[in-house]
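Subject: Structure handover

Hello,

Please find the structure below, with notes on what was found in it. The notes start with a salt bridge and then go through the other contacts and the cores.

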Amino acid sequence: MNPERERLIKDRPKKKKPQVSQSSPAHFTSTSVNALKSNIRSVTRVLEHAQNLPLDVRIEKERALAGYKQDLEKVQHEKERQRMIKKYHMVRFFERQKATRNLKKLRTRLSSSQRNSPEEQETLDREIHNAEVDLNYTLYHPLTQKYSSLFPRKETQEPLDGTATSASKTMQARQDKPAMWAVVENCMENGTLQALRDGNLGTGAAPVKALKSSIHHQTSEKKQKAKQSKADATPIVTEQADGSDGGFFEE
């Protein structure tokens, strides 16, 4: 080889390999999990079988053990998080697109409608609100929890009742939403959507379950009051003409 060419090759700067952050998802491998488990077992055996350990050594080992356990919990949590993200990535993507289109159509209707009646305007506002919650559901559903589809495929669809109003259809569509939908709606009001998505709403899944239970209880109370109001209004409804629409909550 030409000496001049050989010298140029030696003097050529070497490409630096990209460094992986210790906290990045790529660092959380099965090797790191096994190494942490091995360290936990090793330190645990030392603490259990070494009866005459000096106090300062025992304290140091106990601190190391606590640190290993905390690191293992973080690694396992991140691995589960990445698995769930990958599992539901496509369904979230397609539903996010559909929710965005629905919201855009409703906002176009709102901007183009000039002479809506108060009832029609209220129904449209409610539909827009529901569409906004739909979109936030696809964006901020907790990444570490099972994602329930907003738009499940139905094999058979019941024929629509010709007397059903737009308001009743909107209410029915709201009731068909997954339980997490109401949690997302609540977080929109409280400004805690990002915390919900990251799993930092409180201490994890337990507060979310408690919030679901609370919202379900409130919904049940509203349904009970609606039924009671309908029952109280029954004698009056029977005296109305046959052309009456029967009110908001008519089946």
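Arg-107 is partly exposed, with a relative accessibility of 44%; buried means under 20% relative accessible area, exposed over 50%, and partly exposed in between, with a 1.4 Å probe and protein chains only. Before going further, note that this is a predicted model, in which local features need pLDDT of at least 70, side-chain atom pairs count only at pLDDT 80 or more, and totals for chains, interfaces and linings use all residues. Residues are numbered from 1 along each chain as its sequence is written, and side-chain values use heavy atoms, with hydrogens and water left out.

Salt bridges

Arg-107 forms a salt bridge with Glu-132, and their closest N and O atoms are 3.1 Å apart. The term stands for a side-chain nitrogen of Lys or Arg within 4 Å of a carboxyl oxygen of Asp or Glu. This pair links distant parts of the chain, with Glu-132 in helix H5 and Arg-107 in helix H4, 25 residues apart. Helices (H or I, at least four residues) and strands (E, at least two) are DSSP runs, numbered from the N terminus. Glu-132 is also partly exposed, at a relative accessible area of 25%.

A search of the whole structure finds six salt bridges. One of them joins the side chains of Glu-122 and Arg-126, at 3.0 Å from N to O. Both residues lie in helix H5, four residues apart, or about one turn of the helix. Glu-122 has 47% relative accessibility and counts as partly exposed, as does Arg-126 at 21%.

Another joins Arg-83 and Glu-80, at 2.8 Å from N to O. These two are separated by about one helical turn because they are three residues apart in helix H3. Arg-83 is partly exposed at 43% relative accessibility, and Glu-80 is partly exposed at 32%.

Aromatic rings

The search finds three aromatic pairs in the whole structure. Rings of Phe, Tyr and Trp (its six-membered ring) pair if their centres lie within 6.5 Å; planes under 30 degrees apart count as stacked, over 60 as edge-to-face, and the rest as tilted.

Tyr-88 and Tyr-147 form a tilted pair, 6.4 Å from centre to centre with 45° between the planes. Tyr-88 is in the loop between helix H3 (55-87) and helix H4 (89-112), while Tyr-147 is in the loop between H5 and helix H6 (166-175), 59 residues apart. Tyr-88 counts as buried at 11% relative accessibility, and Tyr-147 is buried with a relative accessible area of 4%.

Tyr-147 also pairs with Tyr-137, again tilted, at 5.3 Å from centre to centre and 50° between the planes. Here the partners are 10 residues apart, Tyr-137 being in helix H5. Tyr-137 is buried, with a relative accessible area of 0%.

His-141

Which loop holds His-141? His-141 is placed in the loop between H5 and H6. His-141 counts as buried, at 2% relative accessibility. Leaving aside neighbours within four places in sequence, the contacts of His-141 (heavy atoms within 4.5 Å) include Arg-92, Tyr-147, Met-180 and Arg-197.

Nonpolar cores

A nonpolar core is a set of buried Ala, Val, Leu, Ile, Met, Phe, Trp, Tyr and Cys residues joined through side-chain atoms within 4.5 Å. The largest one has 14 residues, and those touching the most other members are Tyr-137, Met-180, Trp-181, Val-183, Val-184, Cys-187 and Leu-196. Helix H5 (118-140), helix H7 (179-190) and helix H8 (193-198) each supply at least two residues of this core. The largest share, five residues, comes from H7.

Cys-187 touches Thr-192, Leu-193, Leu-196 and Leu-201, not counting residues up to four places away in sequence. A second, separate core has eight residues, including Ile-40, Val-43, Leu-47 and Leu-72.

Helix H7

The buried residues of H7 include Met-180, Trp-181, Ala-182, Val-183, Val-184, Glu-185 and Cys-187. After H7 comes Gly-191, whose phi is positive, near 70°.

Regards
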